[in-house]
Amino acid sequence: MLELKHVKKYYQVGDTVTKALDDVSIAFRPQEFVAVLGPSGSGKTTLLNALGGLDRYDSGDMIVNGTSTKKFKETDWDAYRNNTIGFIFQSYNLIGHLSILDNVEMGMTLSGVSKAQRKEKAVAALKRVGLGQHMNKAINQLSGGQMQRVAIARAIVNDPDVLLCDEPTGALDTETSAQIMQIIQELSRERLVIMVTHNPDLANQYADRVVEFVDGKIQRDTNPYHEKTAHHDFQLKRTKMTFATAIKLSFKNIRTKKGRTFLTAFASSIGIIGVAIVLSLSNGFQKQIDDTQTQTLAKFPVTISQVATDQTKAQQNMQDSDQVKPNKGYVVAAKDQNESAQHVNRINQKFLDYVHRINPEYSNNIGYTRLTGMNLLRKINGKVKTVKFSNSSDASQDLQKNFSSVSGVGVSSFPEPLKSKKNNFLEANYKLLKGAYPQKATDVVVVVNGKNQTNVNALKNLGFDIKDGEKINLNQLIGTSIKVANNDDYYQKLPTGNFVPKEDLTSAYQANQTKELKIVGVIRAKQSSNMDLLAPGIAYSDKLVRQVIKDNKASAIVQAQRQSNRNVITGEAVSGQTKDQLLATLGGDSMPYSILIYPNNFKDKEKVLNYLDRFNEGKSKQDKIIYTDLAGTMTDLTGGLMDAITYVLVAFAGISLITSMIMIGILTYTSVLERTKEIGVLKALGARKKDITRVFDAETGILGVASGVLGVLIAYLATFPINSVLYHMTDLTNVAQLNPVHAVILVIVSTVLTMIGGHLPARMASKKDAAIALRSE
Ligand code: ADP
């Protein structure tokens with residue numbers, strides 16, 4: 001069944017050539033006990049390794065079941081070893097970190113036998129070699145004879161056709177040797193057993209046939225055989241180690257050196273810790289920077305007013321004033337410098353539409369200031385009275401002085417999101433103390449400051465009989481209503497042609513067109529620094545103002561004012577800008593007095609400014625619209641600096657990552673050296689090169705995951721003391737924040753890097769010559 005034909009194997013070391021097998025031809029019967037005798041170095045082990053497919057020869061052929069093995073590929077040899085051959089070594093070659101059962105099952109694990117079947121067969125084999133009682137012991141708890149029994153059980157568990165034994169009793173005492181020999185002899189009744197020994201007594205006592213070797217040649221054969229079996233195909237079952245098996249093997253190996261593994265994982269996690277801490281710090285700082293930027297821009301929006309200062313011109317004026325001209329005997333008439341830098345922005349519908357098309361990603365909040373007044377009415381104790389909103393911007397306060405006859409003039413509405421609900425200005429900057437954020441145009445809110453105060457006049461205007469310092473329950477405020485009357489219902493025309501508010505406003509209060517405003521909520525700025533965004537008092541939407549303007553545009557008073565050069569209420573003469581403004585306060589101008597654009601951050605602000613600049617392209621000086629960038633002096637420097645620092649720190653931490661990767665490589669290499677025997681055993685049992693690589697890859701994989709998880713965990717724990725230190729130093733809270741996504745990525749990076757580091761030694765391990773690996777001590 002097994003036949004060697006003219007097999008030669010020479011070893012050349014330096015100048016000397018050792019003929020380990022020198023043209024050996026020999027055939028074996030399917031069932032016999034052959035002892036190979038010979039002095040040390042005569043080539044017996046080489047013969048056994050060749051027969052077992054552990055080692056290749058230089059020339060000749062081996063015939064298995066009538067089939068030449070000349071065309072065998074690596075995987076065929078692996079399968080051949082696994083299916084056909086059982087090895088028994090002098091030094092047992094058990095895998096110390098596996099249990100007895102695992103050792104015996106290994107060959108079947110490689111050929112994919114189911115777990116239950118594996119166990120059943122392994123137990124049967126162990127019972128057969130007389131180890132039924134000791135199955136649960138650890139390998140190092142066994143005596144030499146018991147270990148050899150385990151090795152025999154491992155060799156026969158797969159029921160191989162050939163059992164190859166290399167000095168199986170070489171390390172055992174006489175009594176134990178006899179027991180082992182009896183087991184082997186018994187096994188030879190079912191199969192071919194070839195045993196290498198240098199003990200002629202053993203050979204003669206137990207073997208059916210003795211073959212003597214000298215210098216790689218057969219010198220004597222007591223029972224020669226000539227193969228007559230015709231060629232018949234035989235099928236080999238391929239071996240394959242699943243990744244799960246590889247992981248299990250590695251886990252069991254790692255378990256035997258817990259301390260070292262922990263230290264390694266810890267050392268190689270230092271790189272991960274570094275990167276994780278740097279990332280979490282920069283996360284936090286970036287968040288702080290972003291918050292500051294958004295806050296700053298909420299206070300200093302990009303503003304487009306009807307009257308603006310041309311910054312470049314103003315700057316030029318400044319520079320000019322530094323230059324002194326010599327006395328030339330005359331004076332030059334010049335405009336006031338500030339006046340000459342003034343620019344009138346002709347805000348029109350086209351520009352409004354353009355502003356509305358701003359990418360909401362850059363700025364989703366736009367506020368408007370309009371000069372329009374509102375005819376506010378409130379019924380107090382059955383009497384209808386006019387009411388004023390007292391929270392108005394500085395600009396409108398000036399106007400109010402001029403146009404004291406018109407109530408609630410020049411009011412800033414709160415900015416409203418352009419499109420999406422994202423970054424809603426009110427919701428982002430204001431906390432709801434009670435009620436709800438406004439939804440409808442007629443919803444208004446009361447704004448209070450950090451001390452929960454609001455303008456006493458605003459409250460009085462709402463009809464609350466209240467003195468400075470008194471308190472009103474929030475519940476009382478919510479639901480309070482005021483009415484806005486149209487001009488035509490509010491004003492009456494006197495015979496003189498002048499207009500005055502009606503004496504009895506009850507009809508205006510009850511008119512159909514009169515709108516009812518409701519206080520739906522009380523809000524307060526989230527950050528004390530944002531307190532001045534909306535003055536304490538009453539705030540309402542631009543939608544409402546637009547509706548009021550729409551309703552009043554064609555009213556009698558507006559039409560009369562449009563045609564007259566006198567203030568139709570007071571009779572004073574008005575002209576030019578003053579007249580335009582007066583008209584606007586009456587609701588005759590649908591264009592806002594100023595537009596306030598709130599970008600999300602400095603970068604977005606630049607984009608908004610570019611967008612606004614594009615509007616002016618190709619326009620004449622008059623038609624240009626100039627904005628005022630109130631936050632202009634604050635640059636994006638901090639953000640860029642932060643990025644740079646992060647890169648440098650990550651680079652440093654990255655270096656330690658690479659270092660730990662190299663360390664893991666070295667460790668795997670040591671592990672490979674340590675486990676050389678195991679590699680040999682696995683190969684003898686039919687493991688493929690790939691499987692061996694897999695075992696070590698699994699080990700580095702486990703190490704990588706462990707060090708990644710450990711690193712992330714330590715970094716996470718470190719954020720607490722770091723934050724506490726930063727808080728004491730800078731008053732900033734929770735700066736270091738480990739992003740869970742970063743944590744996951746870092747674990748993956750650690751795993752991949754360590755696996756790369758360990759893969760080279762793992763490949764090396766798989767290339768180890770099985771024959772040499774088994775010879776190593
Ligand atoms: P035996 O098993 O009879 O003691 P071996 O088969 O182990 O003999 O060795 C036969 C000869 O081949 C010896 O001289 C040995 O030194 C030599 N040999 C075996 N393996 C190698 C090797 N890897 N490199 C060089 N020489 C080797």
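Which residues does Gly216 touch, not counting residues up to four places away in sequence? They are Lys19, Ala20, Leu21, Asp22, Val24 and Ser42. Contact here means heavy atoms within 4.5 Å. This is a predicted model: local features need pLDDT of at least 70, side-chain atom pairs count only at pLDDT 80 or more, and totals for chains, interfaces and linings use all residues. Residues are numbered from 1 along each chain as its sequence is written, and side-chain values use heavy atoms, with hydrogens and water left out.

- Gly216 sits in the loop between β9 (209–214) and β10 (217–221). Strands (E, at least two residues) and helices (H or I, at least four residues) are DSSP runs, numbered from the N terminus.
- Gly216 counts as buried because its relative accessibility is 0%. Buried means under 20% relative accessible area, exposed means over 50%, and partly exposed lies in between (1.4 Å probe, protein chains only).
- Thr659 is 443 residues away from Gly216 in sequence. In space, the two are 50 Å apart, C-alpha to C-alpha.
- Two strands pair if DSSP finds at least two bridges between them.
- Val214 has Lys217 in β10 as its bridge partner.

**The six-stranded sheet**

- Six strands form an open sheet with mixed pairing. Their order is β6-β7-β8-β3-β9-β10.
- β6 and β10 are the edge strands, and each pairs on one side only.
- From one strand to the next, the twist averages 20°. Axes are lines fitted to C-alpha atoms, for helices over the stretch in contact, and angles run from 0 to 180 degrees between N-to-C directions.
- Helix α5 (residues 144–156) lies across β6 and β7. It runs at about 170° to β6.

**A closer look at strand β7**

- Strand β7 (residues 162–166) is largely enclosed by the rest of the structure, because five of its five residues are buried.
- In a regular strand, side chains alternate between the two faces of the sheet.
- Both faces of β7 are covered. Val162, Leu164 and Asp166 are buried on one side, and Leu163 and Cys165 are buried on the other.
- Strand β6 (residues 85–88) pairs with β7 in the parallel sense over four bridges. Ile88 stands opposite Cys165 in β7.
- Strand β8 (residues 192–197) also runs parallel to β7, and five bridges join the two. Leu163 stands opposite Val193 in β8.
- From β7, the chain crosses through helix α6 (residues 174–187) to β8. This β-α-β crossover is right-handed: with the strands pointing away from the viewer, the path from the first strand over the helix to the second runs clockwise.

**The four-stranded sheet**

- Another open sheet has four strands in the order β2-β1-β4-β5, with antiparallel pairing.
- Its edge strands are β2 (16–28) and β5 (67–68), and each pairs on one side only.
- Strand β1 (residues 2–13) and strand β4 (residues 59–64) run antiparallel, joined by five bridges. Leu4 stands opposite Met62 in β4.
- Helix α1 (residues 44–51) lies across β1, β2 and β4, running at about 55° to β2.

- Helix α9 (residues 258–299) and helix α26 (residues 740–767) have axes that come within 11 Å and cross at roughly 155°.
- The two helices are therefore roughly antiparallel to each other. Angles over 145 degrees count as roughly antiparallel, under 35 as roughly parallel, 65 to 115 as roughly perpendicular, and the rest as oblique.
- Ile272, Val275, Ala276, Leu279 and Asn283 of α9 make the contact with His742, Leu746 and Ser750 of α26.

- Strand β14 (residues 365–370) is mostly covered, with six of its six residues buried.
- On one side of β14, Asn365, Gly367 and Thr369 are buried. On the other, Ile366, Tyr368 and Arg370 are buried.
- β14 and strand β26 (residues 594–598) run antiparallel, joined by five bridges. Gly367 has Leu596 in β26 as its bridge partner.
- Ser305 belongs to strand β11 (residues 302–305). Its relative accessible area is 16%, so Ser305 is buried.
- Leaving aside neighbours within four places in sequence, Ser305 is in contact with Asn345, Ile347, Tyr593 and Ser594.
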